[in-house]
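Here's a quick briefing to read with the model open beside you. Take it one topic at a time and find each spot as you go.

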Amino acid sequence: MTFPKGFLWGGATAANQFEGGWDMDGKGPSVPDHIRGGTVSAPRLWDKQIDPEIYYPSHEATDFYHHYEEDIALYGEMGFKCYRMSINWARIYPTGMEETPNQAGLDFYHKVFAECKKYGIEPLVTISHYELPWGLSEKYNGWTGREVIDHFVRYATTLFEEYKDEVHLWLTFNEINCGVNFFGRILSLGMTGKDHQPMFNPNETEEEVSDRFTALHNQFVASAKAVQIGHRINPDNQIGLMIAGNMTYPYTCNPKDVRAAQDKMNMANWFCGDVQVRGHYPYYAKRYFRDNNINVRMEEGDEEILKNGTVDFYSFSYYMSQTATTDPEVAKSAGNMFSGVGNPYLKASDWGWQIDPEGLRIYLNEVYGRYEIPLMIVENGLGANDVRSEDGKFHDSYRIDYLRDHIRAMNEAVEDGVELMGYTMWGCTDLVSASTGEMKKRYGFVYVDRDNDGNGDMHRERKDSFWWYKKVIESNGEDLD
């Protein structure tokens, strides 16, 4: 194996799925705090008013807020070099609009970073990971409002200044390309809609689609501004983008299918990367906007901001691949935010996500060939229903197999010449699923005693994969047995 010295092995979580403490110590409500739990067959619904009789998974999640010392100690035991986490915006600015940050929120993350330092773990901080303060969603219809840019810039500047000696790796937005699709409307862009509707609601008018792309444009501008500020505050800061990576193949060699796959890759993957790495809107977006009657509301000076605020590295999540076809009779398959057509050559998880480690190698090569900047895989993992064995332990060999195959694919990409800086497996401690709101869909090396209805005492237990990943890190990827 040929992973470089200093490779950033680790794990990843998000505050809204992991942290809990949703209304403690001055924190305000975030958009996810208004979203109910669901299942693979029952969609998550969102409420404008939080109902005390309804269970909202993010309110307690798996309670990192009170278990952070224990959780980070477990990461230290595994030998993490890097921990990707997010800061909850509403813990720092409760409505998103205050002039002065919440000191208790700032202090909490100081304590988290001190624990990371104790174990030699480098924090990689996502500034906004599906955690828009509810106040901004309610007042401005989320990122549709141009005003949210300035509120984000204030928030990001606070983080860069407050933690300039503790954090040097940053991501501006999580899976920013979800805003290209209706899936990102509420969770990623914080755009309100009809009350008690599914979080993922495909029913949009042309005007609403234009609003969504305007909201995404506002995130581009906010990110570019933050990159410039972060570099000015500390030139050592490395600031990246984050994409929901999704390799798309043509379903057949029919040229129409090849073209459908190309279109999917362009808008679902490359569009946001092109803006944030190259610093301008790509040529193919113009026709996409024209063909779909999309009007993106931009302001004078935005193009210059995008040009001057390009990112230092490209990070992404990778769980699966998909195929594309123009044949309406071919069945659809499930996936991480983006769905597509099933691939007959691949197996799928219990939640219908197709497992394709070779696709990771292909995607790494495609991205690196396009941009030639450092890459980092900041989410990759297997959601599964982990069941306690008769001996009282969790023997998650299926997770080990999944991760082993993907790490081997990573190594092949490094051999190909890809500059890969790190790997943070998703959901290193069990947390709430973003797409379904379930606890049953577990990712972690560490089991948390919590179920879909909020029952359980939150105690932590090591799974077999915990010990396996410890060996992987110790050997820098050499020992995968």
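**Two helices side by side**

In this predicted model, R399, I400, L403, R404 and I407 of helix α13 touch D464, S465, W468 and V472 of helix α14. Contact here is heavy atoms within 4.5 Å, while helices (H or I, at least four residues) and strands (E, at least two) are DSSP runs, numbered from the N terminus. Sort the residues of this contact and you get five nonpolar, one polar and three charged. For that sorting, Ala, Val, Leu, Ile, Met, Phe, Trp, Tyr, Cys and Pro are nonpolar, Asp, Glu, Lys and Arg are charged, and the others, Gly among them, are polar.

Some ground rules: this is a predicted model, where local features need pLDDT of at least 70, side-chain atom pairs count only at pLDDT 80 or more, and totals for chains, interfaces and linings use all residues. Residues are numbered from 1 along each chain as its sequence is written, and side-chain values use heavy atoms, with hydrogens and water left out.

**How α13 and α14 cross**

- Two packed helices are described by the angle between their axes and the distance between the axes.
- The axes of α13 (residues 397–416) and α14 (residues 464–474) come within 10 Å and cross at roughly 25 degrees. Axes are lines fitted to C-alpha atoms, for helices over the stretch in contact, and angles run from 0 to 180 degrees between N-to-C directions.
- That makes α13 roughly parallel to α14 (angles under 35 degrees count as roughly parallel, over 145 as roughly antiparallel, 65 to 115 as roughly perpendicular and the rest as oblique).
- The crossing of these two helices, α13 and α14, is right-handed, so the near helix is turned clockwise from the far one by less than a right angle.

**The buried side of α14**

- S465, F466, W468, Y469, V472 and I473 are the buried residues of α14 (buried is under 20% relative accessible area, exposed over 50%, partly exposed in between, with a 1.4 Å probe and protein chains only).
- They cover an arc of only 165 degrees around the axis, which puts them on the same side of α14. The arc is that of the directions from the helix axis to the C-beta atoms.
- What do the buried residues of α14 pack against? Their partners are β1 (8–12), α2 (64–78), α13, β12 (420–426), β13 (446–448) and β14 (460–462).
- Just after α14 comes N476, with a positive phi of about 55 degrees.

- In α10 (residues 283–291), the buried residues are Y284, A285 and F289.
- Looking down the axis of α10, you'd find its buried residues within an arc of 140 degrees, so they line one face of the helix.
- The face turned away from that buried side of α10 carries the exposed residues Y283, K286, R287 and R290.
- The buried residues of α10 pack against α8 (206–233), α9 (255–278) and α12 (357–371).

**Loop residues with positive phi**

- D25 isn't a glycine, yet its phi is positive, about 55 degrees. You'll find D25 in the loop between α1 (15–18) and β2 (45–46), and at 44% relative accessibility D25 counts as partly exposed.
- E175 isn't a glycine either, and its phi is positive at about 40 degrees. E175 sits in the loop between β5 (169–173) and α7 (184–187). Is E175 buried or exposed? At 2% relative accessibility, E175 counts as buried.
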